[in-house]
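Colleague: I would like to learn how to read a few features of a model. Please take them one at a time.

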Amino acid sequence: MIALSSATSATKVGKASYITTPIYYVNDKPHIGHAYTTIAADVVARFRRLDGDDVHFLTGTDEHGQKVAQAAANEGLSPQAFTDKVSATFRQLAEDIGASHTDFIRTTEVRHKRAVTALWQRLAEKGYIYKGTYAGWYAVRDEAFYKEDELVDGKAPSGAPVEWVEEASYFFRLSAFTDKLLAYYAQHPTFVIPKSRYNEVISFVKQGLEDLSISRTTFSWGVSLPVGEAETDPAAAPSGERETHVVYVWLDALTNYISALGYPDATDLYTRFWPEAIHIVGKDILRFHAIYWPAFLMAADLPLPKQIVAHGWWTNEGQKISKSLGNVIDPYDLVDGYGLDALRYFLLREVPFGQDGDFSRRALVGRINNDLANDLGNLAQRVLTFVAKRGGGVVPTPSGYLDQDRRLLHEAYGMLSIVRPLIGQEMAFHRYLEALWRLIGDANRYIDAEQPWSLSKTDTARMATVLYVLMEVLRCVAILLTPVMPGSMANLLHMLGVEGEDARNFHALSSSYALEPGVALPAPRALFPRYEVPPSVEEII
Ligand code: MSP
């Protein structure tokens with residue numbers, strides 16, 4: 001018994017990390033924007049896991065509200081049948097783009113509805129909910145209320161059509177949080193990244209916040225409230241009136257981040273992961289995450305998430321992506337046409353996270369052919385086929401390192417400490433990849449300078465050392481690129497003879513895990529085939 005408990009406590013449990021994607025509206029099929037947010041979150045989750053963290057990674061679907069109810073009606077399905085169907089396509093997408101999530105939440109699940117009701121009750125008990133009438137603009141597409149002066153040419157700033165809404169509603173005293181939020185942002189300068197978005201949030205809050213309508217009565221697809229239970233100001237309730245309120249879909253949706261951890265119960269999951277939460281979201285939904293959500297949590301006396309990371313938007317060949325323009329990008333077309341890892345690499349390498357970017361097939365093919373096939377694929381191919389043909393298909397035996405060997409090995413072993421803050425603190429995926437490509441570039445220059453193919457005729461001992469150094473560099477590169485391209489890097493590690501989870505973790509990025517000379521290697525295969533642009537495609541891109 002004693003031995004068992006000491007063995008358990010000796011097992012190292014990593015630092016808790018909680019990574020979330022937004023939960024996706026199920027009004028339509030998944031598109032590239034959804035894939036982008038999930039892939040970015042997945043890279044963070046995988047990176048941290050390889051770095052020793054204990055990672056909880058949540059994604060899911062946002063299924064209530066007017067927009068989804070309307071989409072269900074358009075298809076002639078009940079909202080439940082409709083959301084069951086569409087939610088399954090998002091679950092499938094997460095799998096098909098390689099997401100390594102540990103939970104998938106649907107807002108129609110009992111665990112979630114229970115949490116929403118509990119949070120509402122808590123806000124009510126604390127005196128932050130009152131009843132009134134909402135009269136103002138609402139955009140169903142954004143599921144958001146807008147003030148008159150926010151409208152642009154009679155539409156929401158997002159371009160979504162708005163309608164005038166006048167209905168009984170419960171309100172959340174958001175106005176009470178203007179100063180508290182500003183003080184919080186000031187004390188937590190990395191609460192929202194990038195900095196430009198942090199500043200944007202602050203200037204919005206500085207204009208002053210109005211109370212927020214948090215229930216709707218004109219449709220019923222949502223978490224319903226027991227009227228009366230939630231009232232904090234009975235005098236304000238029109239006597240005898242019995243409307244059915246459903247919780248405003250954003251209050252409902254944001255709660256997913258804690259309902260998935262077991263809230264309102266103080267579960268181990270909740271206690272361990274909630275304070276470590278990092279929400280990865282698009283810039284369009286930053287206001288909800290960086291203002292409303294922290295205010296709800298402050299009101300309920302719950303801890304705030306650690307950080308909110310906002311990314312930019314993709315356009316398609318220079319145009320805004322929209323259904324009406326018919327230029328929505330289907331992630332499946334890209335995965336089928338170019339390969340999953342190439343897509344993951346492209347999305348994170350092409351555009352600095354946080355900025356808007358333009359998707360074009362020409363740029364994608366350029367990245368595949370130059371970065372993946374030429375720089376990395378060719379290097380691996382040259383080294384591994386040479387080892388297979390001239391080195392007897394086993395890990396070569398090095399003898400006596402020269403300065404240039406040591407320099408390159410040193411660069412490879414030191415890479416993690418250089419790139420860790422780029423993912424850990426800045427979410428600068430493009431710089432992370434750039435740094436790795438500098439190493440790959442140095443390895444390419446090294447092979448050209450050392451010419452192992454000439455050494456095979458003059459100095460086979462030196463040839464073996466050069467090949468060994470290159471294989472070591474490839475091993476480090478493959479481990480570090482695994483979060484971005486898990487499938488192809490697993491292939492590369494296999495070709496290098498690196499098997500087993502332990503040897504593929506970041507702690508293996510040192511000479512103590514160096515390849516063992518003499519170990520037999522599998523036959524090498526091409527990693528990233530070049531993408532030849534057929535003339536017909538060339539014409540249209
Ligand atoms: N349901 C809400 C989120 C609730 S989270 C508590 C929602 N869903 S969504 O399906 O409309 O969008 C989810 C994500 O997709 C957002 O992060 C959004 O930024 C992202 N994208 C949608 N279109 C996009 C692009 N064109 N480019 C990049 N990402 C975009 O909002």
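Modeller: Start with pairing: two strands pair if DSSP finds at least two bridges between them. Helices (H or I, at least four residues) and strands (E, at least two) are DSSP runs, numbered from the N terminus. This is a predicted model, in which local features need pLDDT of at least 70, side-chain atom pairs count only at pLDDT 80 or more, and totals for chains, interfaces and linings use all residues. Residues are numbered from 1 along each chain as its sequence is written, and side-chain values use heavy atoms, with hydrogens and water left out.

Colleague: In what sense do β1 and β2 pair, parallel or antiparallel?

Modeller: Strands of a sheet pair through backbone hydrogen bonds, either parallel or antiparallel. Here β1 (residues 16–25) and β2 (residues 54–62) pair in the parallel sense, over eight bridges. Isoleucine 23 has glycine 60 of β2 opposite.

Colleague: What is the strand order of the open sheet?

Modeller: Its six strands run β3-β2-β1-β11-β12-β7, with parallel pairing. At the edges are β3 (103–106) and β7 (192–193), each with a single partner strand, so one side of each has no neighbour in the sheet.

Colleague: Which residues come nearest the ligand?

Modeller: A residue counts as near a molecule if one of its heavy atoms lies within 4 Å of it. Of the 24 residues around the ligand, the nearest are Ile23, Asp62, Gly282, Asp284 and Trp314. For polar contacts, look for a pair of N or O atoms within 3.5 Å. A ligand oxygen is 2.6 Å from an N or O atom in the side chain of aspartate 284. Backbone polar atoms also take part: that of glycine 282 is 2.9 Å from a ligand oxygen, and that of tyrosine 25 is 3.2 Å from one.

Colleague: How do α13 and α16 pack?

Modeller: Two packed helices are described by the angle between their axes and the distance between the axes. Axes are lines fitted to C-alpha atoms, for helices over the stretch in contact, and angles run from 0 to 180 degrees between N-to-C directions. For α13 (residues 340–350) and α16 (residues 429–450), the angle is about 105° and the axes are 7 Å apart. The two are therefore roughly perpendicular (65 to 115 degrees). Contact (heavy atoms within 4.5 Å) involves Tyr345, Leu348 and Arg349 of α13, and Phe429, His430, Leu433, Glu434 and Trp437 of α16.

Methods. Angles under 35 degrees count as roughly parallel, over 145 as roughly antiparallel, 65 to 115 as roughly perpendicular and the rest as oblique. A polar contact is a pair of N or O atoms within 3.5 Å; within protein, one must be able to donate a hydrogen and the other to accept it, and residues adjacent in sequence count only if both atoms are side-chain atoms.
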